[in-house]
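Open the model in your viewer and keep the selection panel at hand. The stops below say what to pick and what is there.

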Amino acid sequence: MRRFLEQRGSGAVADRTFAALMLGCALSIFAIVALILGILILRSRLSLHEFGFKFFLQSDWDPVRGSFGAVPFIWGTLASAFLSLLIAVPLALGVAIFINEMCPRALRAPIAFLTELLAAIPSVVYGLWAIFVLVPIMRRSVGPFLKTFFGWTGLFRGPNFGIGLLTSSIILAIMVLPVISSIARDVMKAVPNTQREGVLALGATRWEMVRIGVLRNARIGIVGAVILGLGRALGETMAVTMVIGNHAAIPKSLFSPAYTLASVIANEFTEATGDLYLSALIEIGLALFLVTIVVNAIARLLVFMVTRGNTARAV
Amino acid sequence: MPHRPSRINVGRRQIANHLFTGLAVLSTILVIAPLFAILVYLLFQGVRSLNVAFFTHLPRPVGEAGGGMANSIAGSGIILSLASLIGIPVGIGAGIYLYEYGGDRPLANMIRFTADVLNGVPSIVMGIAAYSLIVVPQKHFSALAAGVALAIMMVPTVTRTTEEMLATVPNAIREAALGLGIPKWRTVMTVSLKTASPGIITGCMLAFARIAGETAPLLFTAFGNQFWPSSLNEPIAALPLQIFVYAVSPYDEWHRLAWAGALVLIVMIMVSVTLVRVVTGRGMLKGGH
């Protein structure tokens, strides 16, 4: 009896220790975010102090003269991210609709697997492929074609080197596609079947069923998926750095070389001479961190609203 | 007279139906095409450039033929083991807390949300953070800093999949164990965790596959090295890093090595991802039906 009680006692201590340990692991996630934020602010305070908010309004990036402004990078990042979404969103939704609503059951899993394999290819391999395959294609065929037929739009002015905004947006689109389509699929799956059956029972065609029964119910979550893709596109580094041209000026056309927030850090961080230069680069990192956190938070909330809300209703 | 639907309207709806079905098929083809374009080209270039020396030799200076990436492969192995050693236990612990203790409490929900948001933070930011935390105080680049940067990236993925997998364990098993008077921590470790272990291993492998190809966080933590790794406290070579350096170089011989390296890297990742899928019959991220 005594031994039994002693064992119970030690068991209770072990129980509490274990629970505390697991709580510690969970809290470490907060700690990581706080630590990253703290250290980035600490290391960029030189630049924060020197330029203040002007850092994000100034378009002059000249390390030699000690003048740092992030506008060209902000431009490049936003332009490449939005262009890539323009390409990726319709395709990703098409794939998601095809897999979820149209595809024969036997093909579903293989096609889903293939699209998600795209997510498994590392960024640096995309970059390698882009340099040696995509860039020559853009320079020799796609570029001249766009120039002759769509030159009047003014989007395709200037020399076409193959590298630049358009090429990096295409490679970026391939990379964010699996993210958007896999979340969009999750969201569409959360739409209860009664919605589909109801619409079909009214005599709708399959496309009308998808449009009215599925897309309309899942639209908030789909917006969330797109924003999640945006977050990925904003921070993508290696492949973009390898083909965007790395030129710190506001791009004038889709052929112009540009520079993004992430790629300027990748390229110049180890070469940064002087504390101010380094701290300006870390400030760019801080901006990237904050922006992606906000973007991801919004996206997660939207996705959550659809998937959680619907499962509750379906039950 | 009964109302008759106009023929034209039905026709238009049929056309729209066929049109959008066609578009969905077309976009699926357009999405899968680049995957094959990349893999086939990579296989073609990589197989042509691979040889035994690639796996056994150190890199040679420019102009000298031959040489390999043996030290990069070893370096990647070291960095990835270090990252897994730190990231996986923390991630599994956090997952256990979320499912077995946290439940629906506000704190647990906040942790879930933070993990998801952390998952979306660009990898290059992890690189800067590890640089500022470890490289700057130590005053030199190191394998340790690279391992920490990648470990941070593993935590959210491992946490969320662990929680998801624990949720699939039937509560009756837990109750049976607790009913026998087994303390909760033993129940969690030997009953819940053990039952869910295939799924949890899957999650860890996926997190591993995801960080195996990461390059951006290594740029200013591992930094790269031309020699064999000898300590965790010095700059170290890594496969993705070396691929990047060779890819942007102007030399054909180095391009050849970059292709070979990319093939080795991708075979490593694909094999682990496919193995996981075959073994557990689950989708890669949340895929599969």
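This is a predicted model.

**Stop 1: two packed helices in chain A**

Select residues 71-102 of chain A, helix H3, and residues 206-235 of chain A, helix H8. Two packed helices are described by the angle between their axes and the distance between the axes. Here the angle is about 145° and the axes are 9 Å apart. The crossing of H3(A) and H8(A) is right-handed.

Now show side chains. On the H3(A) side, the contact residues include A:Leu78, A:Phe82, A:Leu85, A:Val89, A:Leu93 and A:Ile97. On the H8(A) side, look for A:Trp207, A:Val210, A:Val214, A:Ile222, A:Val226 and A:Leu230, among others.

**Stop 2**

Pick A:Phe150, which sits in helix H5 of chain A, residues 123-150. Is A:Phe150 buried, partly exposed or exposed? A:Phe150 counts as partly exposed, because its relative accessibility is 37%, and the exposed class starts over 50%.

**Stop 3: a loop residue and its distant partners**

Go to A:Arg157, in the loop between H5 and helix H6 (165-189) of chain A. A:Arg157 counts as exposed, at 54% relative accessibility. Which residues does A:Arg157 touch, leaving out those up to four places away in sequence? They are A:Lys252, A:Ser253 and A:Phe255.

**Stop 4: a positive phi in each chain**

Select A:Asn246. This residue is not a glycine, yet its phi is positive, about 50°. A:Asn246 lies in the loop between helix H9 (238-243) and helix H10 (261-268) of chain A. Its relative accessible area is 25%, so A:Asn246 is partly exposed.

Then jump to B:Lys139. Its phi is also positive, about 65°, and B:Lys139 is not a glycine either. Find it in the loop between H5 and H6 of chain B. With a relative accessible area of 73%, B:Lys139 is exposed.

**Stop 5**

Select B:Ser132 in helix H5 of chain B, residues 123-138. Why does B:Ser132 count as buried? Its relative accessibility is 0%, and buried means under 20%. Leaving out residues up to four places away in sequence, B:Ser132 touches A:Ile39, A:Arg43 and A:Ile282 from chain A, plus B:Pro137 from chain B.

**Stop 5: salt bridges**

How many salt bridges does the structure hold over all chains? Ten. Visit one in chain A, then a network in chain B.

In chain A, select A:Asp60 and A:Arg65. Their side chains form a salt bridge at 3.6 Å, N to O. A:Asp60 is partly exposed, with a relative accessible area of 32%. A:Arg65 counts as exposed, at 60% relative accessibility.

In chain B, select B:Arg112 and B:Glu163. This salt bridge has an N to O distance of 2.7 Å. It links distant parts of the chain: B:Arg112 is in helix H4 (residues 106-119), B:Glu163 is in helix H6 (residues 143-167), and they are 51 residues apart. Both B:Arg112 and B:Glu163 are buried.

B:Arg160 and B:Glu163 both lie in helix H6 of chain B, three residues apart, about one turn of the helix. B:Arg160 counts as partly exposed at 26% relative accessibility, whereas B:Glu163 counts as buried at 10%. Salt bridges with shared partners join B:Arg112, B:Asp116, B:Arg160 and B:Glu163 into one network.

Stay on B:Arg160 for its contacts. Setting aside neighbours within four places in sequence, B:Arg160 is in contact with B:Arg112, B:Ala115 and B:Asp116. The C-alpha atoms of B:Arg160 and B:Asn225 are 35 Å apart, and the two residues are 65 apart in sequence.

Technical notes. Residues numbered from 1 in each chain as written. Chains lettered and ligands numbered in written order. Predicted model: local features only at pLDDT ≥ 70, side-chain atom pairs only at ≥ 80, totals over all residues. Heavy atoms only, no water. Helix = DSSP H or I, 4+ residues; strand = E, 2+ residues; numbered from the N terminus. Buried < 20%, exposed > 50% of the residue type's maximum accessible area, 1.4 Å probe, protein only. Axes fitted to C-alpha atoms, helices over the stretch in contact; angles between N-to-C directions. Left-handed = near helix turned anticlockwise from the far one by under 90°. Contact = heavy atoms within 4.5 Å. Salt bridge = Lys/Arg side-chain N within 4 Å of Asp/Glu carboxyl O.
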